[in-house]
Structure formats: structure tokens, C-alpha cells
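Hello,

Here is the structure I promised to pass on. Please have a look at it first; my notes follow below.

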Amino acid sequence: SGDLTITTGAFSYVGGYVDGIEASNGFSGDLTITTGYASEVIGYAYGGDGINAFNEYSGDLTITTGAYSYVGGGDDGIDLVIYSTSNVRVQGVLASSNGGGGILCSSSFLIENCSAHQNGAGGIWTTSQGVIRGCSATFNTNIGIWAGSGCVVENCNSSSNTGEGYLAQSGSCVSNCTARLNDGNGIRANGTGYASISGCTVTEN
């Protein structure tokens with residue numbers, strides 16, 4: 001238990017046969033991963049992630065990447081598993097050309113100013129109760145942004161994906177977003193409850 005902080009320097013490279021970085025905060029404490037300017041974090045194996053991080057019981061989980069940094073994996077760029085009600089923050093990440101999804105997160109999260117580009121199994125995928133803000137999902141296979149139940153998606157762009165631009169699950173809210181040139185629907189509301197869609201621009205899907 002206790003806080004865990006991982007920091008990489010500018011222009012650094014971190015690579016692993018499975019995951020580039022795999023980290024857990026044990027049973028309590030904050031987990032913070034920060035990569036430097038123009039750095040790379042890569043997991044090479046078919047099932048490996050660029051960053052694989054999980055909270056066991058309590059503590060905040062924060063991932064921040066520096067400008068012009070890259071996170072990639074044979075599977076997912078960033079895969080976050082949350083076993084607790086911790087606050088999760090992912091900022092400034094470029095997740096590109098992964099075999100799986102770009103950014104995957106379960107609950108209680110803020111994903112902000114991130115880009116998911118040309119990933120093999122979707123751009124940004126979330127489960128429930130979080131915020132996706134100011135993000136871009138482009139040229140991904142499958143759905144650009146999957147907003148789980150109760151999620152808020154705002155000021156995002158999802159374009160040129162092979163599935164829907166946005167899939168909004170029950171209780172989610174999509175506002176002031178753009179969906180263009182997706183092979184599926186620009187924005188699709190799904191689930192047994194309602195989803196709110198407002199102020200969005202949807203063209204050529």
C-alpha cells in the first residue's frame with residue numbers, strides 16, 4: 001500500500017514484451033503515471049498494452065502524457081481497470097495504431113484532451129459514470145467513442161471510423177460534439193433508458 005508515482009523524462013522510451021508500463025497501487029494510495037515531452041511507451045506483445053494500470057481499493061489514478069508523446073500496445077494503448085470508487089484522470093494522451101482499443105476505462109473517470117487514432121478495436125471505450133471532454137477519435141476500426149451508462153461526452157470529434165461515431169448508452173449525455181464521415185451512424189443512442197444529445201453537428205455518416 002502507499003502512493004506510487006512513475007515518471008519518464010523528455011524524449012524517453014519505455015518498452016516491454018507485454019506491457020510498456022504495468023502498475024497497481026496495491027491496496028491503497030494514489031497511482032500517478034506521467035510521461036515526458038516526446039516520449040514513447042510501448043507494449044509489444046499481441047495481448048500487451050502501452051499502459052496497464054489498476055486501482056485495488058482506494059486512491060486516485062492519474063495518467064498524463066507530455067506533448068508529442070505516444071502510447072501504444074499490441075492490444076490497447078491504455079487499459080484502466082478500477083476496482084474501487086477512486087477518481088481517474090487521463091490527460092493529453094495520444095493512443096494510435098494499437099491492435100485493440102485506444103483508451104479503455106471503467107468508471108469514475110475524466111478523459112480530457114486525448115486522441116485515439118487508427119486503432120484496431122475502437123477509439124475511446126468507457127463503462128459508466130465518467131466524463132470525456134475535448135477528445136478526438138478518428139480512423140478507428142469500430143466505434144469512435146463508446147459512452148457507457150451515465151457518461152458525459154462534450155466538445156469531442158469522432159470522424160472517419162468504421163462504426164458509429166458515438167454510441168451513447170442509457171443515461172449518457174453527448175453535447176457540442178462533431179461526427180463526420182463515419183461508416184455507421186454519427187451518433188447512436190442505445191440501451192433501455194434515455195440518452196441526451198444536444199448541440200452536435202452530424203454530417204456525411
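**What I found**

Let me start with a loop. Tyr-37 is found in the loop between strand 4 (31-35) and strand 5 (40-43). Please keep in mind that this is a predicted model. Tyr-37 is partly exposed, because its relative accessible area is 41%, and partly exposed covers the range between under 20% (buried) and over 50% (exposed).

Together with Phe-11 and Tyr-68, Tyr-37 makes a nonpolar surface patch of about 440 Å².

Tyr-68 sits in the loop between strand 7 (61-65) and strand 8 (70-73). Its relative accessibility is 69%, so Tyr-68 counts as exposed. The phi of Tyr-68 is near 65°, a positive value in a residue other than glycine. Most residues other than glycine have a negative phi.

Gln-118 is another case of this kind. Its phi is near 60°, again positive in a residue other than glycine. The loop that holds Gln-118 runs between strand 14 (115-117) and strand 15 (124-128). Gln-118 counts as partly exposed, because its relative accessibility is 46%.

An open sheet of nine strands has the order 1-4-7-10-13-16-19-22-25. The pairing is parallel. Strand 1 (4-7) and strand 25 (196-198) are the edge strands, and each pairs on one side only. From one strand to the next, the twist averages 5°.

Some of the pairings in detail:

- Strand 7 pairs with strand 10 (residues 88-91) in the parallel sense, over four bridges. Here Thr-64 stands opposite Gln-91 in strand 10.
- Strand 10 and strand 13 run parallel and are joined by four bridges. Val-88 stands opposite Phe-109 in strand 13.
- Strand 13 and strand 16 also pair in the parallel sense, over three bridges. Leu-110 faces Val-131 in strand 16 as its opposite residue.

Which way do the side chains of strand 13 point? Phe-109 and Ile-111 point one way, and Leu-110 and Glu-112 the other way. All four of these residues are buried.

**Salt bridges**

Side chains of opposite charge can pair when their charged atoms come close. How many salt bridges does a search of the whole structure find? The search finds three.

One of them joins the side chains of Glu-112 and Arg-133, at 3.3 Å from N to O. This pair links distant parts of the chain. Glu-112 is in strand 13 (residues 109-112), Arg-133 is in strand 16 (residues 131-133), and the two are 21 residues apart. How covered are the two partners? Glu-112 counts as buried because its relative accessibility is 17%, which is under the 20% cut-off. Arg-133 is partly exposed, with a relative accessible area of 30%.

Arg-133 has another partner. The side chains of Glu-154 and Arg-133 meet in a salt bridge of 2.7 Å, N to O. Glu-154 lies in strand 19 (residues 152-154) and Arg-133 in strand 16, so this pair ties together parts that are 21 residues apart in sequence.

Glu-204 lies in the segment after strand 26 (201-203) and Arg-180 in strand 23 (residues 178-180), so the pair ties together parts that are 24 residues apart in sequence. At 54% relative accessibility, Glu-204 counts as exposed. Arg-180, at 38%, counts as partly exposed.

One more item. Asn-52 has its place in strand 6 (residues 51-55). Is Asn-52 buried or exposed? Asn-52 is buried, because its relative accessible area is 15%, under the 20% limit. The side chains of Asn-52 and Asp-49 are joined by a polar contact of 2.9 Å.

That is the handover. Over to you.

Best wishes

Methods:
Residues numbered from 1 in each chain as written. Predicted model: local features only at pLDDT ≥ 70, side-chain atom pairs only at ≥ 80, totals over all residues. Heavy atoms only, no water. Patch = residues over 30% accessible without salt bridge, like charges linked within 9 Å, V, L, I, M, F, W, Y side chains within 5 Å. Areas by Shrake-Rupley, 256 points an atom, 1.4 Å probe, with all protein chains shown as cover. Salt bridge = Lys/Arg side-chain N within 4 Å of Asp/Glu carboxyl O. Buried < 20%, exposed > 50% of the residue type's maximum accessible area, 1.4 Å probe, protein only. Pairing = 2+ DSSP bridges. Axes fitted to C-alpha atoms, helices over the stretch in contact; angles between N-to-C directions. Polar contact = N/O pair within 3.5 Å; in protein donor to acceptor, adjacent residues only side chain to side chain.
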